Amino acid sequence: MSTPRAYRALQAEINAGIASGAISTPISNAEANELPYLQGVILEGLRLHPPFTGLPFKVVPPEGDVMDGRRVPGGTLVAPNFAATGRHREVFGEDADVFRPERWIEAEPGRRMEMRRVAEMVFGYGRWGCAGKMIAFLELNKVFVEVSLSFVLVSFSGPLSLRLSEVRR
Ligand code: HEM
């Protein structure tokens, strides 16, 4: 909503998908996975605005551990900072602070996989990782397309030069 260029590009992909029959009503999860711009929007949203903003602390076992080459004593609380991992310049590029879904389309497959692994950190990993991750992706895959059928979304938090006639089918 606060990146009108991306909003228009997403709406164009949705409109084209409906016109060609690639999108059913309601859209299926498999169909959504085939929409590259939608996937970029979802992953940019997750990495720049992690829905879970707390620190999911874990306790280092009594014998201690080695993390990133550093010895960490037993009993230490450690947690990932999702706000930082999602904006890692080495992973997402120098423009990591910018909402730019195209980065997911441009990236080579190996790089895209690495970006995805880091973006998905917002769900945690391993034993304590989010048990609802697949349901969350299923919901994200559907919500933007379905909402776009009935509504034009407008952001009140920033400048918006979106002309309704441009996004309405
Ligand atoms: C975008 C949406 C979501 C995000 C970002 C998210 C994120 C997280 C995070 C960060 C954790 C803790 C991981 C840790 O402690 O290391 C977690 C745990 C969990 N989440 Fe989610 N979650 C989402 C949606 C959902 C949904 C839709 C469900 C259920 C349908 C769900 C069910 C759970 C459960 C059951 C746990 C606890 C897993 C365990 O302790 O074994 N989550 N989630």
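**Close-up views of the predicted model**

**View 1. Ala-119 sits in helix H7, which spans residues 109-119.** The model shown here and in the other views is predicted. Ala-119 counts as buried because 24 other C-beta atoms lie within 10 Å, and the cut-off for burial is 20 or more. Leaving out residues up to four places away in sequence, Ala-119 touches Leu-43, Leu-46, Arg-47 and Gly-86. Val-91 is 28 residues away from Ala-119 along the chain. The C-alpha atoms of Ala-119 and Val-91 are 9.6 Å apart.

**View 2. The largest nonpolar core holds 20 residues.** Leu-10, Leu-38, Val-41 and Val-145 touch the most other members. Helix H1 (4-20), helix H3 (36-48) and helix H8 (133-150) are the elements that give two or more residues to this core. H3 gives the most, with six residues. In soluble globular proteins, nonpolar side chains tend to be buried together. Which residues does Leu-10 contact, its neighbours within four places in sequence aside? They are Tyr-37, Leu-38, Val-41 and Phe-144.

**View 3. The ligand is surrounded by 13 residues.** The closest are Pro-56, Gly-124, Cys-130, Gly-132 and Ala-136. By class, the shell around the ligand has 10 nonpolar residues and three polar ones. No charged residue belongs to this shell.

**View 4. A cis peptide bond joins Thr-25 to Pro-26.** Omega of this bond is near -5°. Pro-26 is found in the loop between H1 and helix H2 (29-33). Most residues other than glycine have a negative phi, and most peptide bonds are trans.

**View 5. Asp-68 has a positive phi, near 50°, and is not a glycine.** Is Asp-68 buried or exposed? Asp-68 counts as exposed, because 5 C-beta neighbours lie inside 10 Å and the limit for this class is 12 or fewer.

**View 6. The whole protein contains nine helices and four strands.** From the N terminus, the order of elements is α-α-α-β-β-β-β-α-α-α-α-α-α. Along the principal axes, the C-alpha atoms fill a box of roughly 60 × 30 × 30 Å. The protein has 169 residues, and 20% of them count as buried. Among contacts with a separation of 6 or more, 62% come from residues 24 or more positions apart.

Note on methods. Residues numbered from 1 in each chain as written. Predicted model: local features only at pLDDT ≥ 70, side-chain atom pairs only at ≥ 80, totals over all residues. Near = placed C-beta within 6 Å. Nonpolar A, V, L, I, M, F, W, Y, C, P; charged D, E, K, R; others polar. Contact = placed C-beta atoms within 7 Å. Core = buried A, V, L, I, M, F, W, Y, C linked by C-beta atoms within 7 Å.
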